[in-house]
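Take a look at the sequence and the model that follow.

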Amino acid sequence: MQNYKRIEITVGIFVFLGLLSAGWMAIKLGQVGGLGEQGYELRAVFDDVGGVRSGSDIMMAGVVIGRVKDVHILDNRKAEVVMRINDDVRIAEDAFASIRTKGIIGDRYIRITQGMEETFLADGDEIEETESALNIEDLVSKYIFSGKE
Amino acid sequence: MNPTGFLTPFFAFFGRLGRRFLMFLQAMGDATVLSANALSHLLRRPWQGRHFVMQLHALGVDSLVIIIITGAFTGMVLALQGYYTLAKFGSESLLGAGVALSIIRELGPVLGAFMVIGRAGSSITAEIGIMRVTEQLDALQMMAVNPKARIILPRIVAATIALPLLVAIFDVIGIAAGYLVGVELLGVNPGAYVAEMMAKITAHDLNGGWVKAIVFGFMIGVICTFMGYRSEPTTEGVARATTQAVVIASVGVLMVDYILTSFFL
Amino acid sequence: MIRGESLSKTFGDIQAVKPLDIHIREHGITAIMGGSGSGKTTLLRLLSGLEKPSSGHVWFASEDLGRIPERRLFKLREQMGMVFQYSALLNSLDVYGNVAFPLHEHTNLDEEIIRRIVMMKLEQVGLRGFEHLMPSELSGGMAKRVAFARAMAMDPRVVFFDEPTSGLDPISAGVITSLIHDTVRKAHMTAVVVTHDVHAGLSIADHVILMWQGAIIASGSPDDIRASEDERVRQFIEGRPDGPIPFSRSTRPYLDDLLGTQP
């Protein structure tokens, strides 16, 4: 039964390799589960998020500081975004959140402009000041209408 | 002459089609009954642990080399092709995300399943078919060992567990090989490559890949054992069953892949 | 010992065994003989519980093999052994593993004791020293003897033999035939031997059953069979091509087809 022992060992190595690969992907790439999930949550309500989805970047001063965790409709009218912000970043109460685009046709992301207040938002708080997505169609029509006047 | 005589070939065609469809349904039903019967022994004594380990070896360890090779080349070719396309839009920085997403969501599970079908699935069918021809299944029965519990069950369970593990290894090798080609060979910025890859892949993508791998593994186990168990007890019968098992499992994987993808998008 | 009551088996439209009664007597060898396709192998599979009857009962130790749950059937199987036509050795195990297989499965004996039993059984069939060969390395006659040793491993009450001598050279066939004869006599076992080998069947059996087209056409002691006046029995045991058992299996006379006449 020496043979079977060897089979057992190789199977063990195989299972270990497989689980290691799966674990590496889950933690490094997917940020799955309690282990990988760090940071605190903030909410913000927008008139129009312009296609921001869960997983979209949250940036401050051009640096990624978190990810969008969830986007859903609030009160049948507005869009509420739940954001996960890295623990080491503190956001002032009067900070300002806006929807931006990387380049002209690139991905949408949420830009947070830091405020002046000394008190900071905690887990579950809301960013009050928001600006909705800049819509190229709106800009164009605005330009046309202003030309008419 | 019968005025509708020219329709006869059409009737014959539909008759054949209908008969084949009924045979297909019959086979689906039989396969379900066989695997359900085998799986009902999962928690029953005697425990088939040792046979399960042997099958994990045959399905997993023996497929490892081919999985590593195909994983590496898949990642490399994806990086080349992706670079060629993305460079036209000046978005080479997305290469990492593109390679990793294609592998994790689609190519890992599907190509991994194809390799396991070709490498291990066909040999499962042939092995069980030969046991049928040489009356080994009857011999087990006469020695008071249930062939469904002893032969079918460990293979289905091992396939269901081995494929996700193989796919995980395939994914990691493919992503690493894609990185080497993209960064070292094509000169994509390594920081951008990794950052975009990490930013674009979500737990959702990974879960979709796992679900596919588990479902495909189970399908391979069920189809390949069923085809062997039901093969005609002749040498030609076993050869035919083996070919059919490979074809049915491969086509089945692609069809189920579409259904699963539409659920998980 | 084993009793079949209005036992029959049909596969699709083909009636392999027509309703028949059969009684296998304890302590002795019963030979079931007949030509190819006479239903003798199907009858053996019915008697061993490998096949469920289409109608009727098989009584073994006052249990109905066709109707008891698998667990009870498996319990009874520990008293049965079977030597298959193509030996049916498990080709993932070597000779030792094959003979030890029933003991590993159904006993809690120490490996040392199992080893002694296996060696004893292999000695009995003259193959001690070959225990590390794989089934693919054995000749047909050797594989048959290993299968024989495996069937005897649990010292069963009943042993079934499906064509034990077919495909073997005359010497190997003789070895197997005398093994069956000697072992069954010495151990007071019951044996059911299906064969188309008239010489072997008549020489070792205590009781002979002759089948044709799924029915029993004669039964009795070998001497009864040898002395039978039945034309079909005479044709079979003398191996004549002409007689009541037709050589041609065509449904219509070929002459009718040639001339296009309706019979």
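How many cavities of 30 Å³ or more does the count come to? The count comes to two. Bear in mind that this is a predicted model.

Start with the largest cavity. Its volume is about 140 Å³. Its lining takes in 14 residues. Nearest the centre of the largest cavity lie Met142(B), Met143(B), Met80(C), Gly81(C) and Pro102(C). These names come from chain B and from chain C. Now turn to the elements behind the lining. In chain B, helix 5 (136-142) supplies at least two residues of it. By class, the lining of the largest cavity has nine nonpolar residues, two polar ones and three charged ones.

Move on to the second largest cavity. It holds about 50 Å³ of space. Which residues line the second largest cavity? They are Pro164(C), Thr165(C), Thr177(C), Ile180(C), Val193(C), Thr195(C), Ala200(C), Gly201(C) and Ile204(C). Three elements of chain C give two or more residues to this lining: helix 6 (170-187), strand 8 (190-195) and helix 7 (198-204). Helix 7 of chain C gives the most, with three residues. The lining of the second largest cavity divides into five nonpolar and four polar residues, with no charged ones.

Next come the chains and their contacts. Two pairs of chains touch. The most contacts are between chains A and B. Chain A and chain C do not touch. The nearest C-alpha atoms of chain A and chain C are 11 Å apart.

Look at chain B against chain A. Here 26 residues of chain B are in contact with 25 residues of chain A. The size of an interface is often given as the accessible area lost when the parts come together. Between chain B and chain A, the buried area is about 2,200 Å². Carbon and sulfur atoms give 78% of that area. On the chain B side, Arg50(B), Leu165(B) and Met198(B) lose the most area to chain A. Together these three residues make up 23% of what that side buries.

What is the count of salt bridges between chain B and chain A? The count is zero. Polar contacts between chain B and chain A come to two residue pairs, both at pLDDT 80 or more. Four helices of chain B each supply at least two residues of the side that touches chain A: helix 2 (49-59), helix 6 (147-185), helix 7 (190-200) and helix 8 (203-229). Helix 6 of chain B gives the most to this side, with eight residues. By class, the side of chain B that touches chain A has 20 nonpolar residues, three polar and three charged.

Now follow chain B to chain C. Chain B and chain C bury about 1,700 Å² between them. Of this area, 60% is on carbon and sulfur atoms.

How many salt bridges does the rule find across the interface of chain B and chain C? The rule finds two. Arg45(C) forms a salt bridge with Asp138(B). The closest N and O atoms of this pair are 2.9 Å apart. Eight residue pairs are in polar contact across the interface of chain B and chain C, both at pLDDT 80 or more. On the chain B side, helix 4 (95-133) and helix 5 give two or more residues. Helix 5 of chain B gives the most, with six residues. The side of chain B that touches chain C has eight nonpolar, five polar and three charged residues.

Finally, step back to the whole model. Over all chains, the count comes to 26 salt bridges. Arg84(A) forms a salt bridge with Glu41(A), with the closest N and O atoms 2.9 Å apart. Arg84(A) lies in strand 4 (residues 78-85) of chain A, and Glu41(A) lies in strand 1 (residues 40-46) of chain A, so the pair ties together parts that are 43 residues apart in sequence.

Definitions and conventions. Residues numbered from 1 in each chain as written. Chains lettered and ligands numbered in written order. Predicted model: local features only at pLDDT ≥ 70, side-chain atom pairs only at ≥ 80, totals over all residues. Heavy atoms only, no water. Contact = heavy atoms within 4.5 Å. Buried area = accessible area lost by both parts, 1.4 Å probe. Salt bridge = Lys/Arg side-chain N within 4 Å of Asp/Glu carboxyl O. Polar contact = N/O pair within 3.5 Å; in protein donor to acceptor, adjacent residues only side chain to side chain. Nonpolar A, V, L, I, M, F, W, Y, C, P; charged D, E, K, R; others polar. 1 Å grid on protein atoms, 1.4 Å probe; cavity = no way out; pocket = protein on both sides within 12 Å on 5 of 7 lines; lining within 4 Å. Points joined across faces, edges and corners; volume = space filled by probe spheres on them.
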